[in-house]
Amino acid sequence: MTKTSFTLQATDGLARTGRIDTPRGTIRTPAFMPVGTAATVKAMMPESVAATGADILLGNTYHLMLRPTAERIDRLGGLHRFMNWDKPILTDSGGFQVMSLADLRKLTEKGVTFKSHIDGSKHELTPERSMDIQRLLGSDIVMCFDECPALPADRDRIAESMRLSMRWAQRSRDAFGDRPGYMLFGIQQGGLEEDLRAESAEALRAIGFDGYAVGGLAVGEGQEAMFGCLEYAPGQLPEDKPRYLMGVGKPDDIVGAVKRGIDMMDCVLPSRSGRTGQAWTRRGQVNIKNARHQDDPRPLDEDCTCPACRNYSRAYLHHVFRAQEMISGMLLTWHNLHYYQELMQGMREAIAAGQFAAFEADFHALRAEGDI
Ligand SMILES: Cc1ccc(CCc2c3nc[nH]c3cc3c(=O)[nH]c(N)nc23)cc1
């Protein structure tokens, strides 16, 4: 199979379920994509990530161009071989990470120059260079090189930044070229301004992409403002292509985004919070380092089938976190990623059955506020 395609299988209100077919495998949507920034999903073996139900994971142009470099990964057979993951990989284009991680950044029409946060060496990222790096990595879904303005920002700044990103989207498309089997996604910008989001969506549609991301959110605006934007932004994007909401989110953010027509999401939360002892369950959050768990023989979540819940007690997990044992981050990351994938599978089934409203009501009814 050399081509890629997106097939919508069912809708329920604005929620959709479908599949993205690529030569390296099929992505069931709505999909949650674990973050594997530096060629690893932290604290997880790739086979464990696959066991959680993930069909695709994310890599990062910014991190990998600095270390070990895209050229070295290419010489070693590409990112899939390098990290022993043979399913699809989506890579971000690097601009977002430069603005949040690098030092001495300089932004011009051409692109961004910056100093590495690792060793201070100087680098440049442009739409053309970003496409080149993502090609060298071999990623299956390539993201346009964009600029994501930090919020809060005034309307003029948002408009100017969005229009720069649209010029960069055209340059990304031109540099990507014709690559059957690989997908290029455009990224909508425009902050929380409905008319600027519409202008961005029209600019991207005119260029033409294999998928469309809602960018510029999950940058501190809060859930209410994000949902307000999601009332209109997904609907501005082509209906027959995947819609990817970048950087989202907590379980309730994810349910709310799928309800509003989003097909793909990513977030560091399940893995990052797993390493700090924060467990996400269908009944809410458990902070396993809290002393009240030290004698508790029950699993994190009675209904969960992950290795942490099947084989270990809260008392054990509390102990290994307090003792700062490596297994602590491994078990809670595995649990959190497993829970996120169960949530996605539950939504895919509910949409296919026309039961999304019931699923959403049940999701909220089960969740106690605070620690459980
Ligand atoms: C490995 C990896 C990590 C993180 C990401 C997504 C990173 C990310 C955002 N995260 C939160 N909000 C975000 C907005 C944008 C955005 O507007 N543009 C881009 N290119 N990335 C974003 C992608 C890949």
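Q: How do the axes of helix 7 and helix 8 cross?
A: In this predicted model, the axes of helix 7 (residues 155-176) and helix 8 (residues 194-207) cross at roughly 10° and come within 10 Å.

Q: Roughly parallel or roughly antiparallel, then?
A: Angles under 35 degrees count as roughly parallel, and helix 7 and helix 8 are therefore roughly parallel to each other.

Q: Which residues in helix 7 meet helix 8?
A: From helix 7 they are Arg155, Ile158, Ala159, Met162, Arg163, Met166, Ala169, Gln170 and Arg173.

Q: And which residues in helix 8 do they meet?
A: On the helix 8 side they meet Asp195, Leu196, Glu199, Ser200, Ala203, Leu204 and Ile207.

Q: How many nonpolar, polar and charged residues has that contact?
A: The contact of helix 7 with helix 8 has nine nonpolar residues, five charged and two polar.

Q: Take Ser200 in helix 8. Buried or exposed?
A: Buried: the relative accessible area of Ser200 is 0%. The cut-off for buried is under 20%.

Q: What does Ser200 touch?
A: Leaving out residues up to four places away in sequence, Ser200 touches Met162, Met166, Ile187, Gln188 and Gln189.

Q: Different spot. Where does His63 lie?
A: His63 is in helix 2, which covers residues 61-66.

Q: Is that one buried or exposed?
A: His63 has a relative accessible area of 17%. With buried set at under 20%, His63 is buried.

Q: Which residues does His63 touch?
A: Thr37, Gln97 and Leu101, again not counting residues up to four places away in sequence.

Q: Now the whole chain. How many helices and strands?
A: The protein chain has 16 helices and 16 strands.

Q: How compact is it for 372 residues?
A: Its radius of gyration is 20 Å, close to the 21 Å from the globule rule, so the protein chain is as compact as a globular protein of that length.

Q: What does the C-alpha trace span?
A: About 60 × 45 × 45 Å along the principal axes of the protein chain.

Q: What share of the residues count as buried?
A: 55% of the 372 residues count as buried.

Q: What about the accessible surface?
A: The accessible surface of the protein chain is about 15400 Å², and 50% of that belongs to carbon and sulfur atoms.

Q: Last one: what share of the contacts comes from residues 24 or more positions apart?
A: Among contacts in the protein chain with a separation of 6 or more, such residues account for 66%.

Terms used. Residues are numbered from 1 along each chain as its sequence is written. This is a predicted model: local features need pLDDT of at least 70, side-chain atom pairs count only at pLDDT 80 or more; totals for chains, interfaces and linings use all residues. Side-chain values use heavy atoms; hydrogens and water are left out. Axes are lines fitted to C-alpha atoms, for helices over the stretch in contact, and angles run from 0 to 180 degrees between N-to-C directions. Helices (H or I, at least four residues) and strands (E, at least two) are DSSP runs, numbered from the N terminus. Angles under 35 degrees count as roughly parallel, over 145 as roughly antiparallel, 65 to 115 as roughly perpendicular and the rest as oblique. Contact means heavy atoms within 4.5 Å. Ala, Val, Leu, Ile, Met, Phe, Trp, Tyr, Cys and Pro count as nonpolar, Asp, Glu, Lys and Arg as charged, and the others, Gly among them, as polar. The radius of gyration is taken over C-alpha atoms; the globule rule is 2.2 Å times the number of residues to the power 0.38. Buried means under 20% relative accessible area, exposed over 50%, partly exposed in between (1.4 Å probe, protein chains only). Accessible areas come from the Shrake-Rupley method with a 1.4 Å probe; for residues, only the protein chains shown count as cover.
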